[in-house]
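Look at the model below and follow the chain through it.

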Amino acid sequence: MHANTRETVPEGEHTFHPLVPEELEFVKKMWFDDQASRALGMEVLTLALEDGLGRARLRMPVGDLMVNGHDTCHGGDIFTFCDSAFAMACNAKGSITLAAGCDINYVSPARRGDVLIADAIERVQYGRNGITDVTVTREADGELIAEFRGRSRTLAPRKA
């Protein structure tokens, strides 16, 4: 592990540490106020900073109300899942950071009863801008479901 790495160890439904206390409280409040993610059954598995860039892993079961007319998970629900993972990763430093744009590629369908995993990795931050990639896979077999790229803008850097 790189000396500049802070990483989480899963220990229950929501694992947010060992971010420093200010970062932890900022992201915990953001997550617990996010009723949209909670309504879709999302949970944060890990949240970390590595070399100053955010990482997050989320989990979401595909429920009955998420299935469309093709009997697959609605693309909007997968997009929301990615957006939530993106938000966790790019806000991990404890600064107010919002989406400036994003796009998604759907690779394979997810179905009712599947459990999805979203791995978000902040690739770069330049000035107040950032790029974060999110990969969604099926937990049972690791099959790739979607790839998402988010572009972020930090509005209020955290005071040191």
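On a 1 Å grid over the protein atoms alone, a pocket is an open set of points where a 1.4 Å probe fits, with protein on both sides within 12 Å along at least five of seven lines; lining residues have an atom within 4 Å of a point. Grid points are joined across faces, edges and corners, and a volume is the space filled by probe spheres set on the points. The largest pocket holds about 220 Å³ of space. It is lined by 15 residues, and M30, A87, N91, T97 and L98 are the closest to its centre.

This is a predicted model, in which local features need pLDDT of at least 70 and side-chain atom pairs count only at pLDDT 80 or more, while totals for chains, interfaces and linings use all residues. Residues are numbered from 1 along each chain as its sequence is written, and side-chain values use heavy atoms, with hydrogens and water left out.

Helices (H or I, at least four residues) and strands (E, at least two) are DSSP runs, numbered from the N terminus. α1 (21–32), α3 (75–90) and β4 (96–106) each give at least two residues to the lining of the largest pocket. The largest share, 6 residues, comes from α3.

Strand β6 (residues 129–138) contains T132. Buried means under 20% relative accessible area, exposed over 50%, and partly exposed in between (1.4 Å probe, protein chains only). T132 counts as buried because its relative accessibility is 0%. Leaving out residues up to four places away in sequence, T132 has contacts (heavy atoms within 4.5 Å) with residues including F86, C90, I121 and F148.

C90 is itself buried, because its relative accessibility is 3%. C73 is also buried, at 5%. The structure holds 0 disulfides, a disulfide being a pair of cysteine sulfur atoms within 2.5 Å.

What remains is the charged side chains. A salt bridge is a side-chain nitrogen of Lys or Arg within 4 Å of a carboxyl oxygen of Asp or Glu, and the count by this rule is 14. E139 and R59 form one, at 3.2 Å from N to O. This pair links distant parts of the chain, 80 residues apart: E139 is in the loop between β6 and β7 (144–156), and R59 is in strand β3 (residues 53–61). E139 is partly exposed because its relative accessibility is 40%.

D114 and R138 also meet in a salt bridge, at 2.7 Å from N to O. Both D114 and R138 are buried. Salt bridges with shared partners join D114, R138, D141 and E143 into one network.
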